[in-house]
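Student: Please take me through one part of this structure closely. I want the surface where the two chains meet, and then what sits behind it.

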Amino acid sequence: MSGSVRTGSTRNPWLTWAAWRGLFRDRPMIPLVGLLALLVVAVGLVRPGMVSPGWAGVIMRAAVPLAILAGCQTLTMLTGGIDLSVGAVASMSGFVVATLVSGPGTPAGIVVALVAAALAGLVTGIGVGVFRVHPLIMTLGMSLVVLGFANVWQLQMVQTGTGVPGEFRWLGSGMVLGILPNSLLIFIPLAALILLGLGRTGYGRLLYAIGDNPVAARLSGARAWQVLVILYIISALLAAIAGFLIAGLTNIAAVTLADWYVLPSVAAAVIGGTSIMGGRGGYGGAIAGALILTVLTSLISALGFAEAVRQILFGAIVVAVAAVYARATTES
Amino acid sequence: MSVTTAAVDTARARPADMLAAWVRNNAWTVGLLGFLALLLAFTKLILPSYGVTGVQGLAISVLPLALAAVAQAIVVISGGIDLSIGSMMALTSVVAAVLMKGQPEESGVVVVVGVLLLGLALGAVNGGLVVLTRVPDIVVTLAMSFVWAGCALLVLQAPGGGSARWLKDLILGSLGSEWVPKAAVALVIIVALIWIPVRRSQFGLSLYAIGSNRLAAFRSGVSVGRTRISAYILMGLFAALGGLSLTASTGIGTPVPGPYTLMSVAAVVLGGVSLAGGRGGVFGPIVGVVILQIIRTDMTFLGVDPNLAVVAQGFILIGVVMVGSLIQLRQSRA
């Protein structure tokens with residue numbers, strides 16, 4: 001492939017379809033960063049003076065929870081799955097902590113929320129890994145279960161009242177010097193862990209192997225069910241952490257707070273070049289995807305369009321980007 | 001292919017054997033019907049006054065769900081899935097409600113025909129995108145669910161609009177006996193008029209063929225792409241019918257998608273349609289919808305917290321799929 005690109009188009013390698021295809025296939029970060037820069041320029045043109053270090057900080061702050069949830073989707077999509085329960089799990093976690101602040105305190109609340117999330121992930125993982133339920137169905141069903149329990153919890157806790165703890169508000173919405181959001185304190189270690197875990201550990205390679213060819217992975221001795229159970233627990237824990245940040249960012253504790261994030265998180269992972277069929281992709285692209293979607297939201301609101309237009313554009317972009325990747329990655 | 005052999009077998013057999021063969025081929029549906037009967041008996045037991053009004057309410061609430069389940073079943077049989085059915089129903093419902101508000105009764109006919117055509121078009125867009133872009137159907141339809149929901153919000157900001165009188169009369173109330181709600185009759189007529197001819201046509205056979213083994217279907221001369229798009233178009237038609245039934249039963253249009261996508265997947269799985277495609281029909285999913293709806297009613301009667309009812313529905317969905325895949329695992333091993 002690459003040989004023909006070099007010989008066939010020595011004069012202008014950037015104008016050939018094959019060169020673009022190779023770019024999307026091998027180095028998706030380059031077009032993604034280009035698209036991001038283009039969107040930032042567009043925001044600057046639409047609202048002169050809007051693009052500033054402070055604006056960049058606000059964008060980053062809004063993108064961090066989305067990027068973490070996109071991590072859930074990236075990891076699960078690598079194995080050929082998807083996690084549609086991230087919205088419910090994230091909302092539940094933020095909400096549980098908010099109800100426990102005044103009583104047992106924030107640390108206890110965080111522990112309870114993480115344990116609850118891990119339990120949800122465990123059940124999902126057992127369903128997907130052991131019983132071979134389609135991940136889509138399993139996580140959709142799980143989101144119903146989690147939402148229902150969160151609602152029951154809400155009724156139990158109605159007299160204690162809720163309050164987002166100050167620590168979450170500081171983490172989720174605080175900024176250093178008005179530029180660097182505090183949530184990077186959580187996000188940078190998490191992102192490093194995911195990137196290193198995918199690239200450098202055996203577990204990361206197992207995820208790719210199972211997604212790429214489950215039969216070959218099984219014949220090479222990979223125990224898919226163990227990998228999947230751990231994967232969905234990790235995904236639920238990531239969603240819970242994102243839920244803490246979202247509660248801090250919005251200063252709201254509600255059982256449907258993070259439902260909004262489910263499609264954008266899938267969209268960010270898809271834009272980042274992770275294939276839902278499994279075995280292809282990575283987390284770096286998903287972070288870029290989360291930033292692109294957040295800047296796009298900013299652009300849409302700068303243009304004065306309604307929420308409905310944002311939904312339509314998000315959907316259209318996901319289909320368009322996924323189509324480009326599908327073209328670029330299939331040999332024809 | 002098993003369809004044709006079954007047909008040959010039954011043509012020769014005696015009626016009793018035919019019945020036995022039907023029961024054997026539709027064991028899951030028969031089991032579901034048995035469960036439904038038990039559930040109805042249980043309902044009568046805990047709520048002795050459950051009767052005409054209960055059945056009427058059940059039929060009205062089942063109609064949009066059943067149409068959504070039939071729509072989903074058609075796509076799933078063809079080996080796909082559509083996560084935008086709820087949004088399509090919202091969009092078609094608000095379009096109908098906006099166009100019918102304050103208009104004379106006769107123009108409602110034009111609106112209904114137009115909305116059904118819109119449903120066909122929405123389905124064609126979904127199917128066309130799935131086939132042409134080669135992006136997995138889950139991604140395309142999940143994204144399109146947001147596109148259609150956004151369009152619904154553009155058409156109507158808040159619940160409103162209206163419905164023609166005759167459209168409401170089509171599904172509200174009862175026909176002849178009080179025990180025969182119009183909504184149930186409408187459902188039977190719609191499914192009989194659209195699904196049965198499709199099922200018996202060459203397209204119906206292709207639908208099952210591409211769902212059960214796409215490569216084999218392609219090699220036997222089935223136009224896979226065209227059949228998949230047709231399945232989505234048919235799905236769009238049923239989603240539009242579901243949207244119309246929403247407008248008719250509530251008298252207004254609501255731009256926010258209801259839980260129909262999730263419920264349709266649940267009902268399809270409960271109804272014995274394999275998510276791998278190629279297996280099942282639309283009768284099972286309809287029974288599944290009725291069962292899910294009765295369970296919800298029973299829980300309300302029993303004073304169960306509605307939120308716990310949501311939990312129960314989630315567990316039923318997961319449990320049914322788990323049992324289903326366990327059975328398949330057993331069969332594939334044996």
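Tutor: The contact takes 37 residues from chain B and 39 residues from chain A. Two residues are in contact if their C-beta atoms, placed from the backbone, lie within 7 Å. This is a predicted model: local features need pLDDT of at least 70, side-chain atom pairs count only at pLDDT 80 or more, and totals for chains, interfaces and linings use all residues. Residues are numbered from 1 along each chain as its sequence is written, while chains are lettered from A and ligands numbered from 1 in the order in which they are written.

Look at the chain B side. Helices H6 (107-133), H7 (137-155), H13 (260-270) and H15 (306-333) of chain B each give two or more residues to it. H15(B) gives the most, with 14 residues. By type, the chain B side has 29 nonpolar, 6 polar and 2 charged residues. Here Ala, Val, Leu, Ile, Met, Phe, Trp, Tyr, Cys and Pro count as nonpolar, Asp, Glu, Lys and Arg as charged, and the others, Gly among them, as polar.

Between H6 and H7 of chain B, the loop holds B:Arg134. This residue has a positive phi of about 60° although it is not a glycine. Most residues other than glycine have a negative phi.

Now the rest of chain B. There are 15 helices and 0 strands; these are DSSP runs, H or I of at least four residues for helices and E of at least two for strands. Of the 334 residues, 47% count as buried.

One helix pair shows the packing. H4 (residues 52-77) and H14 (residues 283-301) of chain B pack at about 140°, with axes 8 Å apart. That angle makes H4(B) oblique to H14(B); under 35 degrees would be roughly parallel, over 145 roughly antiparallel, 65 to 115 roughly perpendicular, and the rest is oblique. Residues on the H4(B) side include B:Leu58, B:Val62 and B:Leu65, and those on the H14(B) side include B:Ile286, B:Val290 and B:Ile294. This contact has 12 nonpolar, 4 polar and no charged residues.

Terms used: Buried ≥ 20, exposed ≤ 12 C-beta atoms within 10 Å, placed from the backbone. Axes fitted to C-alpha atoms, helices over the stretch in contact; angles between N-to-C directions.
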